[in-house]
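I opened this notebook to record what I looked up in one model. The entries follow the order of my reading.

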Amino acid sequence: MTIPPPMPNLHVNVDHVATVRQARRELFPDPVQWAIAAEMAGAQGITAHLRMDRRHIQDADVKELQKRIATKLNFEMSLDPEIVAFALRLRPHAVCLVPEGRKEVTTEGGLDVVRERARLAKVVPKLARRGAEVSLFVDPDLEQIEAAALVGAEFVELHTGCYANATGKAREKELARLVTAAEAAHELGLRVNAGHGLDYDNVLAIARLPHVEELNIGFAIVARSLFTGVEEAVGEMARLVASVDPRRAGARGSSTPGARTRGSRARGASTGIPSTRRSGASGTSARRSTAKGSRSSGRSGASVR
Ligand code: PXP
C-alpha cells in the first residue's frame, strides 16, 4: 500500500500561459519555459491539458514538456480517440481523464464515470500498460468513486471547484463531502489527488484533506505570476502547501520546499510578504467577485474556470 506523504505535492498547470500566447497566435509566452521556471520555484509536477479545440496548449507544447521538464508530466485529456492515441504515443508519467465540452470555459465538473464505464474500462488499462498513472477527475460523489475503482484507475482527482466557489456554511459542506470522498477512495484502494479553482486563500483546507497526494493548480498561479513573476507565484503556493506538514509547524520564512536546483534561480524564492496582502494585489479577489457573479447566475455550482 502506498503511504501518502505528510503534505501533497504541488503540480502546476501551465494551460493559461498558452492561453495568453494563443490570444495573439504568437510564439510567446512559452508554457515550456514557464514550466521550467515553475519547477525551479518548487513545482513538483507540471500539468497540461491538450483540448480537442487546441484553445491553449498545442501538440508541440506537450511533446516539449515531456522532453524538457525535470519533474513529472501530468497530461490532462478527454476520452476523444484522437487524444487517447496522442497520449498512448506520448507515454507521459501520468494522465488525468476529464470531461470536455466545446462550449465550456473550462472543465465543468467531474467525469461521469458511471455513464462512461464501458469506454473507461477499455481506455484506462491501455494507458496504464503504456506506463501512465491513470487518474479520473471526479466530483466528490461516492458512486463515481466506486465506478473509478471498478474501471481500474489508480487515482481519482477530486474536483474541488464546488468547494472553491462556495462560501460560509456551503463551503464547509463541500469540504465535508471532499473529506468523505477522500476517505472512501482510500478505502477502495484508490490514490487521491485534488484540484480545480484552488487559490492562495482556499488551498490550505484542501492540502489538509486525508490521503491527498497531489494538488493541481493553474489559473491562480499563472494569474499571480503576471504581477510577481513565476518564481514568487509558484514559491508562495509551494510554501502554503508545505505549511500543512506537521513536521514543518512553526517553521516560518523558509525557502521554497522542493525547489528544483536548475542553477541559482532555484534559491531564495521567499519574499516574506504575507499571502493575504498579496492576494489582494494579485487579482485573486477580483477574480472571485467577478467570476462568482457569473457563476451563480449562469452555470451550475460545478462550473468553474
Ligand atoms: N485539475 C483539473 C482536472 C483541471 O481540469 C484543471 C483545469 O485545467 C485544474 C485541475 C486546474 O484548475 P485551476 O486552473 O482552476 O487551478
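How far is an oxygen atom of the ligand from an N or O atom in the side chain of E76? I found 2.8 Å for this pair. The model is a predicted one, and I read each value below as computed from it.

Entry on the ligand. I next looked up N13, where an N or O atom of the side chain is 3.4 Å from an oxygen atom of the ligand. For E157 I noted a polar side-chain atom 2.5 Å from a nitrogen atom of the ligand. The ligand taken alone exposes 400 Å², and I saw that the protein buries 99% of that. I listed 15 residues around the ligand. Those that come nearest are E76, E157, G197, G218 and F219.

Entry on the fold. I found 13 helices and eight strands in the chain. The strands form a closed barrel with parallel pairing, and I traced its order as β1-β2-β3-β4-β5-β6-β7-β8. On average, neighbouring strands of this sheet are turned by 25° against each other, direction ignored.

Entry on one strand pair. I examined β4, residues 94-97, and β5, residues 133-138, which run parallel and are joined by four bridges. Within this pair I located A94 opposite E133 of β5.

Entry on the whole chain. I recorded that 54% of the 305 residues are buried. The chain exposes about 13,500 Å², of which carbon and sulfur atoms supply 53%. I also looked up contacts between residues at least 6 apart in sequence, and 68% of these join residues at least 24 apart.

Definitions and conventions. Residues are numbered from 1 along each chain as its sequence is written. This is a predicted model: local features need pLDDT of at least 70, side-chain atom pairs count only at pLDDT 80 or more; totals for chains, interfaces and linings use all residues. Side-chain values use heavy atoms; hydrogens and water are left out. Two strands pair if DSSP finds at least two bridges between them. Helices (H or I, at least four residues) and strands (E, at least two) are DSSP runs, numbered from the N terminus. Axes are lines fitted to C-alpha atoms, for helices over the stretch in contact, and angles run from 0 to 180 degrees between N-to-C directions. Buried means under 20% relative accessible area, exposed over 50%, partly exposed in between (1.4 Å probe, protein chains only). Contact means heavy atoms within 4.5 Å. Accessible areas come from the Shrake-Rupley method with a 1.4 Å probe; for residues, only the protein chains shown count as cover. A residue is near a molecule or strand if one of its heavy atoms lies within 4 Å of it. A polar contact is a pair of N or O atoms within 3.5 Å; within protein, one must be able to donate a hydrogen and the other to accept it, and residues adjacent in sequence count only if both atoms are side-chain atoms.
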